[in-house]
Amino acid sequence: MTSLAIEPELPHRWRHGFVIDAVPYDYSFTCECLETPNKPQYDGGIVVNPTLKEGSKGWASFGNAKLQLRTSETGNEFVIARQRNQSFDSVSQQFFLDKDKLYTFSAWMQISDGDGDAIVVATFKTATGFYDAGSTKAKSGCWSMLKGGFTVNISSSAQLYFQSENPSVDIWVDSVSLQPFTQEEWKSHQYESIEKIRRSRVKIQAVNSEGKPQANKILIIAQKFSRFPFGCAINKNILTNQAYKNWFTSRFKYTTFENEMKWYTNEPTQNREDYTAADALLQFAKSNGVSVRGHNVLWDATKFQPNWVFNLGPSQLAAAATARLKSVIRRYSGQVIAWDVVNENLHNNFFESKLGVTASSKFYMMARALDRTAALFLNDYNTIESPWDQTSSPNSYLSKVKQIRAGGYNGPLSIGLEGHFRKVNIPYMRSAIDKVATSGLPIWLTEVDVFPGPNQAEYLDQVLREAHAHPAVNGIVLWSAWSPQGCYRMCLTDNNFKNLRTGDVVDKIIWEHFSAVVTATTDVNGFYETSLNHGDYEVSFADNYESEKQVKFQRMSHQFKVEASEDTLHCLETPNKPQYDGGIVVNPTLKEGSKAWLQISNGDATVVATFKTPTGFYDAGSTKAKSGCWSMLKGGITVNKSSLAQLYFQSENPSVDIWVDSVSLQPFTQEEWTSHLYQSIEKIRRSRVKIQAVNSEGKPQANKTLIIAQKFARFPFGCAINKNILTNQAYKNWFTSRFKYTTFENEMKWYTNEPSQNHEDYTAADALLQFTKSKGVSVRGHNVFWDDPKHQPNWVRNLGPSQLAAAATARIKSVMRRYSGQVIAWDVVNENLHFDFFESKLGQTASSKFYKTARALDRTAALFLNDYNTLESSGDQVSSPDSYLWKIKQIRVEGYIGPLSIGLEGHFRNVNIPYMRSAIDKVASLGLPIWITEVDVQSGPNQAALLDQVLREGHAHPAVNGMVVWSAWSPQGCYRMCLTDNSFNNLPTGDVVDKIIREFFNVEVTATMDVNGFYETSLGHGDYEVSFEDNYQSEKLMKFPQMSQHFKVEASEDILHVKILA
């Protein structure tokens, strides 16, 4: 048994390793009105003379205002805009604003008029319009802080000014700050915050039952529950739609019912209550471990009252509202985690207008008495969405909280910020949360959506990341309950529950922060250290995915929790040194010239390294570069003509900057490259063996000539076959004399096994399996499903989602139950990087569900992904190594954490061996088993030579665990590459395969013993038989148990000693 010890470690900076010397973001806000303003944030940023200590330098009049400089009795300098006649008459300063930057703004404001107060707005006038940065309620006699932010849509000059609807007051200004941040700097704030408040460092040690460290164990660390609540609204449509259920439950553990708990739903007619839908939804949520926010008890908007409520008198309304509170809260008390007690009571006042200004306060008191466990929320919109809506501005929200307190309610309160975004202003959003957070109350974003438009998904991503990163935010719920007629404003899926772009954004957020899966290998001391989101985790091992029960050590568990901690419980912060010290690259680390870096400036983007030569362009490789940390790009090329070449980097996104560092280009001669192959083979595929020949009395037999014949190779090397072999003895002879592994070309595919619905035909597959069993040939099951629409059975293509789900379930059960235990592997979902037939019909999690079902049906066979062009083409980004790794992570995120293996088909058109090696290097970083599953090379004059290169490269790579050649024979020809003619005489490609077999998989060595009867050599791992030249019939062991004519060679750093009877 292997167990885990979890121990704290030292603090760590942050996960994504930003190396930007960014100005830290200042989350602070002062809500008190002060006698003297605080110093400007960021020392004023780019504001000239922010504290007015240099007189009027940088400042000018805007509109018709007259400026006056003044110094307070305490020595504080400030500027006053006097004699104002229009709202915009004020003080001004000019700036140049960059469209690619985010601006945070702050200032301290005061007005002149007696004991009154006035809203003062900070506005930037640009060439394309006006941008409100934020507002505050300024008072006379003390200084109030204004904090906000904005972005602009075009780089241009801009004029800052302040405006108030009351032109009779003078506006006093001091301690002004305008701080620009690049996109990278802004994101670095988010990741620093996440690392500080949402994640902790964890150090895991794998030990055995005796407590001894277990080195090189492959761990799967799967997040089972997130401490940060992230949910999505649902409605009654989910109750009768299994696809909706599947989509939702695979993602969320928190929800809000869209309308089913609202008063107009529960009591459409007075005294006739209907909780049918709410009860059913709550039962569904409970059964799936989903927590529910109660939404809502009362809604302060007149138009959202039950029709019968509108005309009630005050006493009747008070009685009805009291009955409503008691009915809904008593019914669901203890079953919901929160209540939106009075919804949108900043924008509306239905109850206050009928029952008095303390109505909301009284409702909160009653709610607290009825449910003492649930959080009680205010809930309103436009506080973070819009700087121009003063009704629900941060100031107004804080005032409403004070009003409820003043009305007599002193119990727990929480702040609900709905988050219905029309235009997204992320700097303002951050500043608004800063301001509301000064209340010290818990904050949730309760109804997040983004208005439809071309950038909807991008804006949603920005909003969710900003909210999750903010230290004051305690939870997020998306407002995307689905109905056949559409969602409120933003859907995440289409009506087949295939993700829209907004859904992809949500899945990415979930994968990153709420359902993380990490595959890692313990170090030599059994340790693995990382940073994990706060939540519950399960750890399993690649060789034993079923979490073992705790047996002996109380502190060593396969389940653990990560909580907020300052102790320690990859994209790198700094790039590694260049490989080969840069090779022939001049100044590879940029230390001899102007400084540049290799990452990108915003988001993530695929970056390709390309060499331009006189004969064309050669893509060496690609990587998905990110903003804020360094990603390694590894690849390789050969060129068809010696010439000058120019290296450059390209990205389809021209809006990002590309940063480059630690560049290496290392040339190798053909001899050097071949030497790498043989060094690797000697290290990973072969071991030293020392054989001694002795007679029946144990005496050494000198000068004996022996034959060492390999009978079985540990490295699987096979060739595809098809049903033609069943009736062709020459084909049988040719195949069985060479191979012990195979894949059936088409005979196990769905379109073969069930050409018409419910009429199965396994005749060919059964016969092929019987043939392979009789010959001791292992079979890869190919394939359960093929994600390519054109390779479905004809009857499958037009099935609806529920019909397809049923048919797919029947298919997987049929084929896998039939052949479980008889095949060594299954290609469960074939080519699901290039295609998405099942995902488009059944939802994003289709593949993951198929793997879960497959694992339940066959617990011994390896379960493969299988796709093409990961090795073959540096230009196919759909199945690049990065994309393959992402697909695996996606399958993990969607719930499958069992064994996985990587199938790289290997259908080569142009062979780029350096790129092939680098691609395997990258895919191997996950530590999963890798097979090259369908090797062939396109016809051409160099087909055989190129095949030889591919097979040698595949066999020599330490991460490759097996290879199958895709050359099943038929009289009409092979798929793309035959090994023989129709008489089963080898073609040049067949000669290549035979040479590979003789060298590595069916070795026969003739050798002579030395004077002491010894012979020492290196042999491939496998089973061997030894005989002597004068007696080729292997003799039976007669006397000495340690002296055998048969032996096995396994991986070992020691020399294997074998005695044989001569």
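The side chain of Ser386 makes a polar contact with the side chain of Trp388 at 2.7 Å, a polar contact being a pair of N or O atoms within 3.5 Å, one able to donate a hydrogen and the other to accept it, with residues adjacent in sequence counted only if both atoms are side-chain atoms. This is a predicted model, in which local features need pLDDT of at least 70 and side-chain atom pairs count only at pLDDT 80 or more, while totals for chains, interfaces and linings use all residues. Residues are numbered from 1 along each chain, and side-chain values use heavy atoms, without hydrogens and water.

Ser386 lies in the loop between β18 and α8 and is buried, with a relative accessible area of 3% (buried means under 20%, with a 1.4 Å probe and protein chains only).

Helix α8, residues 394-406, has 13 residues and spans 18 Å between its first and last C-alpha, close to the 18 Å expected at 1.5 Å a residue. Its buried residues include Pro394, Tyr397, Leu398, Val401 and Ile404. Among the elements that cover the buried residues of α8 are β8, α7 and α9. Just after α8, Gly408 has a positive phi of about 115 degrees.

The second largest pocket holds about 930 Å³ of space. Its lining comprises 42 residues, and Asn869, Glu872, His907, Arg909 and Arg976 lie nearest its centre. The lining divides by class as follows.

| Class in the lining of the second largest pocket | Residues |
|---|---|
| Nonpolar | 13 residues |
| Polar | 18 residues |

Key
On a 1 Å grid over the protein atoms alone, a cavity is a set of points where a 1.4 Å probe fits but cannot get out, and a pocket is an open set with protein on both sides within 12 Å along at least five of seven lines; lining residues have an atom within 4 Å of a point. Grid points are joined across faces, edges and corners, and a volume is the space filled by probe spheres set on the points. Ala, Val, Leu, Ile, Met, Phe, Trp, Tyr, Cys and Pro count as nonpolar, Asp, Glu, Lys and Arg as charged, and the others, Gly among them, as polar. Helices (H or I, at least four residues) and strands (E, at least two) are DSSP runs, numbered from the N terminus. The expected span of a helix is 1.5 Å times one less than its number of residues. Buried means under 20% relative accessible area, exposed over 50%, partly exposed in between (1.4 Å probe, protein chains only). Contact means heavy atoms within 4.5 Å.
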